[in-house]
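Dear colleague,

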Amino acid sequence: LFGSTLVSMLSAAMMDYQMMQKDKTLKLRKLRRYLQENEVAGCTAVRVQKQVEQRLAHRECLAEDDVVALQLLSSALRSQLRFEIQQPHLCRHPLFRLWSGMDEKQMQRICMKAVGFVNLRPKDELFVAGSSAASAFALENGEMLYIQYPDTSPVMAEKSTRVPAGQWFCEAALWVEWTHVGKAEADTACRLLSIGAEALMQSLQKDFIVRGIAAEYSRQFHKRVTSARPPHAPWPTDLSVPFTDYCDLVVSMSKHVQVLIGREAVHQLPINRGSRAIEKLRDEVATSKSIVVVTGEGAIIRVVSLVVLRAERSDGSIFMQVGKWEGNAVKSALQLPGAKQEADELVPETLTRMFETKLKLLQGKLDLMGTTRENQEKESKEFGVQTRYLRSICAARLFTDAEIDAHICEPKASMEDPMGEVTSAMSIAQQVERALRDMQVYAVHSGFDSGNLYAWVTDVQLSLISTPAGEKAMGAWLSNFVLPDSQLPAGPDASEVDLQCTLSTIV
């Protein structure tokens, strides 16, 4: 019985193989005939036949439509099956992970109507430059090439970028009217997740909350697409739009939507993970004091977005806040001037707010060079979660003929003018006093009897005062200056934030 079963299985396998070979031979024979009848040049004919042979030898993944038996399933079970297949890939995007946690049935509808898979062979094109985008794609496996051309992209020469698995293509197509600015071509066999823009919008109509989050996400994404241009950001491409990371977008959303997203994130925290810390975090989210999100990897983090200014003078000095005062008390505070990014605010808008409030002394006197991003994560002992700081560093250069109109602090009494260079034999206080002897300190009011102290700081000065001992010595040195008289500030001060800058950030 076993022998007859084995012979039957081998016979069936041989028949399948023979049929496949016959089908392959027939296709190649028809191809050669077609090339001969159309008098295709020999070199082109060889390339065509070679590529067809390679592709016939490659075994493709089965698509859902290839499995006839799936049509026998009920619509509910088929929807559940498709959701389980697509969910692990789809939920790598934080927005879809959020929706999946909020309403699984809604995500099943999205998967049935808007999501599918695309299989590409080597040299297949996913899209070409100049065509309208109707879908977004996530590369699940394989490697692709993204090619930009000078006539459709702001590049000087043809530019190729290798795209690894995990990268998204054309997310902008889901939220704006997008035209491809480059070509995507498979370098190896690739499998991509596809999300149709129009079908996605139709699927969202049945859930009021999810639709509201999508509308806010779309609005913020659109603002970044239309504002993405030098010097604040590079031009957008099919691979990326500057400052459209999920955390960036949530930080700028309306407070109502931030609370919805934060509540869902806190709800996913383990119950035994410090109940007091969770309760405090839940209260912070409910009162819009903290922004909490779930990342594409499933991590729950608190997000703070900061915009800092790194202004440089022609001699290489950096404009920094060196201290602050309240009443007669002066305290050193070595940091780049900055502010917290508020809801519905882009980085350039935050920078403008800073110039209109705390940095009026620099308004209209800087040439903005560009913006870079530095992210840093720290464990928050207060809330028991990681806090991600999104630092947007705006680089600028002071105009050569610019003059700063601000109160310059004078010493209380004539301080001894130390001559000579700084030496290691001196105490820290002596080194700081000698290094800072020519520094002009500007005082800017932030309140009736309080304000911030700013100065242009050289590399030598920075190396001394950036240490704890040096900063303490600088505080003592600042206490020798006469503070300006009390007065009302010119305008509401920008949000004060703790922007402790390391030497690597400044340099």
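Helix α4 passes helix α8 in a right-handed crossing, where a crossing is right-handed if the near helix is turned clockwise from the far one by less than a right angle, and left-handed if anticlockwise. Before going on, please keep in mind that this is a predicted model, in which local features need pLDDT of at least 70 and side-chain atom pairs count only at pLDDT 80 or more, while totals for chains, interfaces and linings use all residues. Residues are numbered from 1 along each chain as its sequence is written, and side-chain values use heavy atoms, with hydrogens and water left out.

Helices and strands are DSSP runs numbered from the N terminus, helices being H or I with at least four residues and strands being E with at least two. In general, two packed helices are described by the angle between their axes and the distance between the axes. The axes of α4 (residues 94-102) and α8 (residues 208-227) come within 11 Å and cross at roughly 165°; axes here are lines fitted to C-alpha atoms, for helices over the stretch in contact, with angles running from 0 to 180 degrees between N-to-C directions. The two helices α4 and α8 are therefore roughly antiparallel to each other, given that angles over 145 degrees count as roughly antiparallel, under 35 as roughly parallel, 65 to 115 as roughly perpendicular and the rest as oblique.

Helix α8 is also the place of Arg-224, which counts as buried at 4% relative accessibility; buried means under 20% relative accessible area, exposed over 50%, and partly exposed in between, with a 1.4 Å probe and protein chains only. The C-alpha atoms of Arg-224 and Pro-242 are separated by 7.0 Å, although the two residues are 18 apart along the chain.

Turning to the strands, two of them pair if DSSP finds at least two bridges between them.

Phe-117 itself stands opposite Leu-193 in β8. In a regular strand the side chains alternate between the two faces of the sheet. Both faces of β8 are covered, with Cys-190, Leu-192, Ser-194 and Gly-196 buried on one side and Arg-191, Leu-193 and Ile-195 buried on the other.

A further open sheet is formed by four strands in the order β2-β7-β4-β5, and its pairing is antiparallel. Here β2 (125-127) and β5 (159-163) stand at the edges, each with a single partner strand, so one side of each is left without a neighbour in the sheet. Neighbouring strands of this sheet are turned by 25° against each other on average, direction ignored.

Within this sheet, β4 (residues 144-148) pairs antiparallel with β5 over five bridges, and β4 also pairs antiparallel with β7 (residues 182-186) over five bridges. Gln-148 stands opposite Lys-159 in β5, while in β7 the bridge partner of Gln-148 is Gly-182. Met-144, Tyr-146 and Gln-148 point one way from β4 and Leu-145 and Ile-147 the other way, and all are buried.

Finally, the structure holds nine aromatic pairs. The rings of Trp-477 and Phe-481 have their centres 4.8 Å apart and their planes at 75°, so this pair is edge-to-face; rings of Phe, Tyr and Trp (its six-membered ring) pair if their centres lie within 6.5 Å, and planes under 30 degrees apart count as stacked, over 60 as edge-to-face and the rest as tilted. Trp-477 is buried at a relative accessible area of 6%, and Phe-481 is buried at 7%. Elsewhere, Trp-175, Tyr-217, Phe-221 and Tyr-246 form one aromatic cluster.
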